[in-house]
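Have the structure open as you read.

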Amino acid sequence: MNDLYRKTFDEVHASEALRQEVLNMTKQEKAVVRRQVPRMVLIAAIVVLALAGTALAAALPGIQEWFSRQWTKETGKAIETDQMGVITKLTDAVGVSDTVDGVTVTVDSVTRGEDVVWFLLELDGLPAEEELEKAFDALVEPQPEEDASNPQKEYHINGTDITVSVSSGAGSTSITGPREYFFGSRAVSFDPAVADSNYYWEIGRNELRADGTRMILLKYRFDPLENAAPQGALVVTLELSDLSWGIFRSTAVPVAEGTFTLEFSLPAIEPAKPLTTGGGTALGEPFLRDIDPSLEFWDTNTMGPRPTEEMAFLRTKATPTNLTIYWADREQLDHLHITGDWYLIMKDGTEVRLDTSGGMYTDLPGGERVSRFLWPVPVDLNQAKSLEYRYGEEVQAFDLK
């Protein structure tokens with residue numbers, strides 16, 4: 001074993017079984033090809049403690065490095081060995097690439113759950129950012145200002161009027177809004193099919209590594225088909241078209257016009273046993289249209305606290321990647337929405353807040369209505385203690401079984 005890894009491993013608190021597994025690695029196991037590396041867990045699960053919070057964190061394998069930082073951001077704590085082990089079990093290295101217009105896109109690694117897939121992409125062969133800045137500025141047509149001291153200026157961009165923050169210099173104007181790489185369209189298919197037509201994409205990361213490689217993290221949410229196995233063996237075809245750089249949905253400079261087609265296979269993952277709670281209630285708030293159709297917003301300063309109503313649920317189910325809530329009254333969801341927060345409480349007191357910003361709402365074949373939300377990072381259910389729903393100062397706790 002490499003001395004660096006051995007020294008690091010000796011300083012990490014890990015179970016004896018894990019220590020023995022690493023120490024017994026054979027030369028053949030260490031020479032395994034890139035696609036098989038995640039199955040070993042090993043170095044990623046061990047070195048992460050030594051690297052967390054330092055510049056060396058980029059040395060972690062692909063998507064695990066991002067989850068490590070995200071865990072610290074969400075919980076305020078460095079990620080632990082067992083927690084990283086759960087993420088690694090759900091992760092596969094890929095290494096498949098395609099090139100369009102001199103730009104190469106590589107699927108570095110993939111992490112997947114019951115209704116989500118994270119794709120970490122590497123982009124190489126990109127033009128210099130100075131060139132993109134010049135091309136971007138050439139697309140912008142400034143409009144006359146009514147007040148020269150106003151830091152907001154009106155622009156006409158690709159047929160759309162937008163207002164952006166600007167800084168003016170002698171004879172020049174530059175836009176200070178965020179500019180990133182993005183694809184004009186994204187599509188993915190699985191064989192065998194696992195996803196329904198209800199889905200959405202998110203860009204969770206868009207950054208430049210120290211070595212000059214651009215990294216983009218795509219998150220794909222979907223409704224699983226009945227009896228589908230999203231964590232079974234799959235052939236995945238990812239199609240990413242028309243790479244651009246600029247302000248998303250406003251204006252952008254074309255970088256690579258065409259479609260990157262990336263096909264790869266993923267082995268089966270053994271799903272973790274879920275944890276469940278019994279039924280209960282969660283305070284929800286009526287939609288404004290159901291309070292008063294004329295209301296555009298609720299001003300607590302003049303109108304007081306917003307009305308609430310108890311939303312009854314039958315049970316919840318927690319997996320390493322999401323929380324599913326089974327509602328008792330489907331009609332309530334037509335005029336109420338959850339505004340409180342769900343937390344997974346770990347045995348050591350760590351709290352993981354549920355990401356409710358992109359929930360999936362589904363009618364099951366039997367007629368039940370469920371809501372599915374993601375944990376910000378896949379979680380180790382062996383370390384989970386309870387589930388809490390918090391609305392203001394009210395806290396409801398539910399035992400996980």
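Two strands count as paired when DSSP finds at least two bridges between them. By that rule, strands β20 (residues 355–363) and β21 (residues 369–374) are an antiparallel pair, joined over five bridges. Within the pair, T362 sits opposite V370 of β21. The hairpin they make has five residues between the strands, and G367 has a positive phi near 100 degrees there.

**The chain as a whole**

Please keep in mind that this is a predicted model. The protein chain comes to nine helices and 23 strands. Of its 401 residues, 45% are buried. Its accessible surface is about 20300 Å², and carbon and sulfur atoms account for 48% of that. Looking at contacts between residues at least 6 apart in sequence, 64% join residues at least 24 apart.

Four strands make up an open antiparallel sheet, in the order β19-β18-β22-β23. Its edge strands are β19 (351–353) and β23 (394–399), each of which pairs on one side only. On average, neighbouring strands in this sheet are turned by 25 degrees against each other, direction ignored. In this sheet, β18 and β22 pair over six bridges, and Y343 stands opposite E388 in β22.

Another open sheet has three strands in the order β8-β11-β12, again with antiparallel pairing. Here β8 (180–191) and β12 (251–266) each have a single partner strand, so one side of each is left without a neighbour in the sheet. The twist from one strand to the next averages 15 degrees. R186 has L240 in β11 as its bridge partner. Helix α7 (residues 129–139) lies across β8, β11 and β12, and runs at about 125 degrees to β12.

| Strand | Partner strand | Bridges |
|---|---|---|
| β18 (residues 341–346) | β22 (residues 384–391) | six bridges |
| β20 (residues 355–363) | β21 (residues 369–374) | five bridges |
| β8 | β11 (residues 234–247) | eleven bridges |

**What is buried inside**

In soluble globular proteins, nonpolar side chains tend to be buried together. Which residues touch the most other members of the largest nonpolar core? They are L323, W342, L344 and W375, in a core of 40 residues. L344 makes contacts with residues beyond four places away in sequence, including T350, V352, W375, V379, L387 and L400. Apart from this core lies another, of 37 residues, with V107, F136, W201 and L234 among them.

Helix α6 (residues 81–89) is worth a look too. Seven of its nine residues are buried, so the helix is largely enclosed by the rest of the structure. The buried residues are T81, Q83, M84, G85, V86, I87 and T88.

**A glycine in a loop**

Where does G279 sit? G279 is in the loop between β13 (275–277) and β14 (280–286). Leaving out neighbours within four places in sequence, G279 is in contact with F313, L314, R315 and F398.

Terms used. Residues numbered from 1 in each chain as written. Predicted model: local features only at pLDDT ≥ 70, side-chain atom pairs only at ≥ 80, totals over all residues. Heavy atoms only, no water. Helix = DSSP H or I, 4+ residues; strand = E, 2+ residues; numbered from the N terminus. Axes fitted to C-alpha atoms, helices over the stretch in contact; angles between N-to-C directions. Buried < 20%, exposed > 50% of the residue type's maximum accessible area, 1.4 Å probe, protein only. Contact = heavy atoms within 4.5 Å. Areas by Shrake-Rupley, 256 points an atom, 1.4 Å probe, with all protein chains shown as cover. Core = buried A, V, L, I, M, F, W, Y, C linked by side-chain atoms within 4.5 Å.
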